[in-house]
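Here are a few friendly notes to read alongside the coordinates.

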Amino acid sequence: MNKNFKLEMRKICKIFPGVVALDNVDFELGEEVHILLGENGAGKSTLVKILSGAYQKTSGQIFLDGKEIEIKNPKHAQDLGISIIYQEFNLVPHLSVAENIFLGREPTLMPGVLNLKKLYNSAQKILDDLGVEINARSLVKDLGVAQQQMVEVAKALSLDARILIMDEPTSALTEQEIERLFATIRDLLKKGVSVIYISHRLEELFEIGDRVTILRDGKYIGTHRIDDISKPELIRMMVNRELKEQFPKKKAAIGDEILRLQNVEKDTVLHDINFSLYRGEILGIAGLLGSGRTELARAIFGAERIDSGNIFVKGKQVKITGPRSAINLDIGFLTEDRKCQGLILNLSVKENICLPSVDRFSKLGVVNRKKEVEAADFYINELRIKTPGMYQKVMYLSGGNQQKVIISKWLCTNVDVLIFDEPTRGIDVGSKVEIYELMNKLIAGGVAIIMISSELPEILGMSDRILVMHQGRIAGEFSAEEATQEKILHKALGGD
Amino acid sequence: MQQKDFLIHYGRQFGTLIGLLVLSAILWILTPYFLTVSNLLNIAQQTSINAIIAVGMTFVIITAGIDLSVGSILAFSGVVLAWAIQVGIPLPLALLIGLLVGLVCGLVNGLLITFGKLPPFISTLGMMSVARGAALLFTQGRPISGFSNTFRFLANGEILYIPTPIIIMIFVYFVAHYLLTHTKLGRYTYAMGGNEEAAVLSGVNVRMFKTIVYGLCGMLSGLAAIILTARLNSAQPIAGMMYELDAIAATVIGGTSLVGGEGTIVGTLIGALIMGVLRNGLNLLGVSSFVQQTVIGSVIIFAVLIDMALKKSKK
């Protein structure tokens with residue numbers, strides 16, 4: 001065994017009924033940040049779940065410091081110094097930070113009686129050592145996403161983690177918060193903690209990673225030093241096809257004005273919003289988290305009432321009183337949080353696609369099921385939704401395919417305006433391109449798209465026009481040609 | 001496709017059905033009288049009231065709600081109905097009044113939940129007490145008894161040798177199944193329970209449809225009140241005690257998830273039949289009613305335990 005590696009996984013196989021999730025995968029981890037890269041369904045999560053004890057491998061060997069080990073369960077993994085931070089945090093919202101950090105391992109005075117002083121002091125010490133400004137006594141629910149993540153990191157450290165696995169840690173963070181996180185990761189490295197880092201965002205891999213291992217369809221593709229590899233090469237290894245461009249933008253003919261907002265106000269979140277949207281264009285909306293981007297989308301869709309101002313659709317002034325009235329005006333909204341707001345996870349692909357259109361498919365309250373099936377069938381083929389059938393529950397679909405289901409559900413209502421809030425968050429590279437191509441197709445058909453995104457490359461790559469929001473106001477407008485990352489950020493941060 | 005649809009929807013019910021058949025087989029071995037036509041009809045007849053209430057409960061539970069007031073609504077509807085008949089209101093109109101009382105109580109539940117934003121547990125707990133009190137007040141605590149044979153036919157009559165309550169029950173199940181699988185209301189019932197926020201953002205008028213669901217549940221309690229009153233030839237203000245728990249049990253045994261978004265009418269029918277068969281069987285075996293309670297409670301827990309284990313293994 002190679003003594004230089006803290007952890008080695010050899011010929012790991014994991015077979016689920018009917019699916020080979022991992023097929024002879026090798027992985028090794030030294031004193032480094034090791035990126036695990038692959039499309040959704042490539043086996044990244046399965047691999048780390050084997051490490052964290054959530055799954056049992058079917059075959060293969062795992063060595064920790066050169067000694068072969070069997071990881072029996074999550075507790076055992078923790079005892080071995082392996083901690084994992086999932087995308088969705090495992091924190092109890094109504095408990096304090098300290099209680100969360102020591103959950104299940106609380107210091108006691110005597111059996112059953114907590115040593116509160118020690119609890120808070122030790123938790124605070126860990127947080128201070130981490131260099132984060134979090135009070136150990138605050139409740140987790142009062143913290144922001146980035147801070148909650150730090151609580152997870154603190155929890156891992158309190159477990160004496162030597163190997164920290166982070167699953168898409170930056171998907172909900174702002175640029176500044178990502179910088180902070182990276183600083184923390186570099187700090188952890190110095191303290192002897194190795195990090196396995198799963199991400200879809202290629203940009204950040206180059207910033208934080210030392211080496212990268214690529215998986216595809218459950219197979220091991222290769223391990224490389226980050227310095228020795230380029231972005232196109234990585235993408236090719238991930239998807240096994242050359243992606244000419246990450247953003248396959250095609251311009252469409254710009255048509256009539258379809259939506260206009262005039263002096264729209266909403267107390268504390270939106271101020272003096274004025275803009276027009278035209279058929280055939282993608283209007284990108286950039287801005288930091290909390291700049292009012294999502295509130296703007298929700299206001300247009302009627303999910304939130306505006307205090308004053310006028311909205312015009314196809315030249316006519318309208319009053320949007322709720323999602324139903326927005327849908328009747330042919331407006332659709334893809335929320336940033338697909339699982340909580342976009343989909344009904346335990347219903348089928350068909351039911352989700354047809355939900356907003358049930359009205360159209362019914363007469364006197366009776367649904368024409370044939371029409372539903374036809375519609376679902378059509379969109380599954382048209383958008384190439386990968387599912388065993390239209391009766392599959394959407395919870396079993398990958399992120400990219402779930403997003404396609406949501407797009408289908410709006411196409412099914414014959415939308416003219418489609419608002420995408422973070423259209424590709426948590427979606428793998430291959431599916432991202434498919435979503436972009438769908439957008440191209442939509443605008444070519446005369447639909448107008450509003451695309452809210454935190455990812456500047458996406459904004460720059462796909463928009464025809466870009467609005468930048470800052471503190472509830474539109475702080476700037478750029479054409480695709482004149483926009484640059486610097487200009488947008490400058491406006492987003494409140495510069496003139 | 002069609003076949004797959006069937007399997008996904010009814011795979012779970014298949015298990016419950018096997019449970020019902022195994023239970024019946026055991027009882028048949030233990031007491032041959034169990035499997036006679038007259039006993040089976042007897043079971044169906046005794047099950048009908050709980051089965052009808054459980055239909056409303058199934059709708060409510062699929063929306064991720066609960067209705068604790070069905071038993072009290074039944075009592076209140078029953079006494080108003082009895083009063084209407086006795087003061088000489090024509091029977092069809094009196095029956096309608098009985099249903100209306102249930103409907104209105106249910107709608108009030110729905111409005112409190114949707115517009116008042118009360119948790120269903122609280123608003124229906126309140127209604128449970130209010131409707132019970134109203135029934136007692138209305139009758140001064142005394143039962144109203146003695147009805148015409150025409151009215152009593154609704155419980156004791158037979159059409160083609162089949163007792164009327166069974167026919168009513170079958171009718172209710174057909175309509176409810178159709179509502180849940182073929183109508184907008186049904187689609188939205190699942191959607192509201194599966195993810196209310198996503199349903200709102202898909203343009204579903206959640207307030208209206210939820211209110212309708214609670215109204216429906218109340219109205220079915222009113223229907224159950226008609227059958228019960230006709231059967232007992234008496235409307236009791238204290239009727240229907242604990243009926244909510246039987247209805248919830250039938251629904252849950254039938255595979256409807258208390259978290260919402262999942263459940264079928266067929267499942268609930270099987271669930272109600274399991275409860276009925278069990279009661280009947282224990283009676284035939286001469287098991288004391290104290291033991292019966294314990295056995296039935298254990299069966300509920302056991303059924304849900306198995307269900308959860310099966311769901312876990314599917315993952």
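This is a predicted model: local features need pLDDT of at least 70, side-chain atom pairs count only at pLDDT 80 or more; totals for chains, interfaces and linings use all residues.

1. H11 of chain B covers residues 243-253 and H12 of chain B covers residues 265-284; their axes come within 7 Å and cross at roughly 120°. That angle makes H11(B) oblique to H12(B), because the roughly perpendicular class runs from 65 to 115 degrees and roughly antiparallel needs over 145.

2. Which residues make this contact? On the H11(B) side they are Asp246(B), Ala249(B), Ala250(B), Thr251(B) and Ile253(B). Their partners in H12(B) are Thr268(B), Gly271(B), Ala272(B), Ile274(B) and Met275(B). Sorted by class, the contact of H11(B) with H12(B) has 6 nonpolar, 3 polar and 1 charged residues.

3. It is worth looking at how covered H11(B) is: 10 of its 11 residues are buried. The buried residues are Tyr243(B), Glu244(B), Asp246(B), Ala247(B), Ile248(B), Ala249(B), Ala250(B), Thr251(B), Val252(B) and Ile253(B). Asp246(B), for one, is buried and also takes part in the contact with H12(B). After the helix comes Gly255(B), with a positive phi near 95°.

4. Lys117(B) is not a glycine, yet its phi is positive, about 55°. Lys117(B) sits in the loop that joins helix H4 (91-114) to helix H5 (120-139) of chain B. Is this residue buried or exposed? Lys117(B) is exposed, because 8 other C-beta atoms lie within 10 Å and the exposed class takes 12 or fewer.

5. The other one is in chain A. Asn263(A), also not a glycine, has a positive phi of about 45°. Asn263(A) belongs to a strand, E13 of chain A (residues 257-266). With 12 C-beta neighbours inside 10 Å, Asn263(A) counts as exposed; the limit for that class is 12 or fewer.

6. Finally, the domains of chain A. The domain assignment gives domain 1 (7-239) and domain 2 (257-492). How far apart do the C-alpha centres of the two domains lie? For domain 1 and domain 2 of chain A, the separation is 32 Å. Their contact draws 10 residues from domain 1 of chain A and 11 residues from domain 2 of chain A. On the domain 1 side, the touching residues divide into 3 nonpolar, 5 polar and 2 charged.

Methods: Residues are numbered from 1 along each chain as its sequence is written. Chains are lettered from A and ligands numbered from 1 in the order in which they are written. Axes are lines fitted to C-alpha atoms, for helices over the stretch in contact, and angles run from 0 to 180 degrees between N-to-C directions. Helices (H or I, at least four residues) and strands (E, at least two) are DSSP runs, numbered from the N terminus. Angles under 35 degrees count as roughly parallel, over 145 as roughly antiparallel, 65 to 115 as roughly perpendicular and the rest as oblique. Two residues are in contact if their C-beta atoms, placed from the backbone, lie within 7 Å. Ala, Val, Leu, Ile, Met, Phe, Trp, Tyr, Cys and Pro count as nonpolar, Asp, Glu, Lys and Arg as charged, and the others, Gly among them, as polar. Domain bounds come from an automatic or database domain assignment. A residue is buried if 20 or more other C-beta atoms lie within 10 Å of its own, exposed if 12 or fewer, and partly exposed in between; C-beta atoms are placed from the backbone.
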